[in-house]
Amino acid sequence: MPETGLRFQCQPGCIRCCDVRGFVYLSESDLVRAAEYTGLTPAAFEAKYVYRTKHLRRLRKPADRQCPFLEQGGCSIHPAKPTQCRLFPFWPELVADRGLWNDAGRRCPGIGQGELIQIGTAIEIASEMERAYPTFYGLD
Ligand code: SF4
Ligand code: SF4
């Protein structure tokens, strides 16, 4: 019988998902939390690190890596990292599609590891993404 849940356990020392080509988006509260963690005001943090469009905020990319907070040892704002980083790979599109989940597993060695997480729990975790980034999920 196929499994009715998903397995994931982030692997110590791994930073692969931080180095995948793409953007890191922030909710308004992500921005405030990261600013506080870095000791900056939200306005100063935004001026230094954030590119804002009409509906979205994303981290500016340095020339040599995908994220300004990615360092050799990992994420330098780990306790305050943005929602999409904190929840990966529990993103609605991955949780809803076993094929996409397995594809992500080719880049993320934590996928397929650890205890079985029931699909309902995985969907509940992923729903935070929809609340954080309503523009992406057609809710805004
Ligand atoms: S790629 Fe997967 S295992 Fe590696 S840091 Fe990211 S979530 Fe963790
Ligand atoms: S904010 Fe941290 S966890 Fe997110 S991509 Fe950058 S280095 Fe990785």
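## A loop residue, Gln72

Let's start with Gln72, which sits in the loop between strand S4 (70–71) and strand S5 (74–75). Strands here are DSSP runs of E with at least two residues, helices are runs of H or I with at least four, and both are numbered from the N terminus. Is Gln72 buried or exposed? Gln72 counts as exposed because it has 6 C-beta neighbours inside 10 Å. The cut-offs go like this: a residue is buried if 20 or more other C-beta atoms lie within 10 Å of its own, exposed if 12 or fewer, and partly exposed in between, with C-beta atoms placed from the backbone. Along the chain Gln72 and Ile15 are 57 residues apart, yet their C-alpha atoms are separated by 8.7 Å.

A quick word on what you're looking at. This is a predicted model, where local features need pLDDT of at least 70 and side-chain atom pairs count only at pLDDT 80 or more, while totals for chains, interfaces and linings use all residues. Residues are numbered from 1 along each chain as its sequence is written, and chains are lettered from A and ligands numbered from 1 in the order in which they are written.

## The whole chain

The protein chain has 6 helices and 6 strands. Its radius of gyration is 16 Å, close to the 14 Å that the globule rule gives for 140 residues, so the chain is as compact as a globular protein of that length. (That radius is taken over C-alpha atoms, and the rule is 2.2 Å times the number of residues to the power 0.38.) If you walk from the N terminus, the elements come as β-α-α-β-β-β-β-α-α-α-β-α.

Along the principal axes, the C-alpha atoms fill a box of roughly 55 × 35 × 25 Å. Of the 140 residues, 24% count as buried. Two residues are in contact if their C-beta atoms, placed from the backbone, lie within 7 Å. Among contacts between residues at least 6 apart in sequence, 71% join residues at least 24 apart.

Which residues of helix H1 (residues 28–38) are buried? They are Asp30, Leu31, Arg33, Ala34 and Ala35. Their cover includes helix H2 (42–49), strand S2 (50–52), strand S3 (57–59) and helix H3 (83–87). After H1 comes Gly39, with a positive phi near 80°.

Leu31 also turns up in the largest nonpolar core, which has 28 residues. Such a core is a set of buried Ala, Val, Leu, Ile, Met, Phe, Trp, Tyr and Cys residues joined through C-beta atoms within 7 Å. Leu31 is among those with the most contacts inside this core, along with Phe45, Val50, Leu59, Trp91, Val95 and Trp101. Leaving out residues up to four places away in sequence, Val50 touches Leu26, Leu31, Phe45, Arg57, Leu59 and Arg60.

## Strand S1 and its partner

S1 runs antiparallel to strand S6 (residues 111–118), with 4 bridges joining them; strands pair if DSSP finds at least two bridges between them. Opposite Arg7 you'll find Leu116 in S6.

## Around the ligands

Which residues are around ligand 1? They are Cys10, Gln11, Cys14, Ile15, Arg16, Cys17, Phe88, Cys108, Pro109 and Gly110, where a residue counts as near if its C-beta atom, placed from the backbone, lies within 6 Å. By class, that shell has 7 nonpolar, 2 polar and 1 charged residues. (Ala, Val, Leu, Ile, Met, Phe, Trp, Tyr, Cys and Pro count as nonpolar, Asp, Glu, Lys and Arg as charged, and the others, Gly among them, as polar.) Phe88 is joined to Pro89 by a cis peptide bond, with omega about 5°, and Pro89 is in the loop between H3 and H4.

Ligand 2 has Cys18, Val24, Cys67, Phe69, Leu70, Cys75, Ile77, Lys81, Pro82 and Cys85 around it. This shell divides into 9 nonpolar, no polar and 1 charged.

Thr83 lies in helix H3 and is partly exposed, with 19 other C-beta atoms within 10 Å. Not counting residues up to four places away in sequence, Thr83 touches Ser27, Asp30, Glu128, Met129 and Ala132.

Ala43, in helix H2, counts as exposed because it has 10 C-beta neighbours inside 10 Å. Glu124, in helix H6, is exposed too, with 12 other C-beta atoms within 10 Å.
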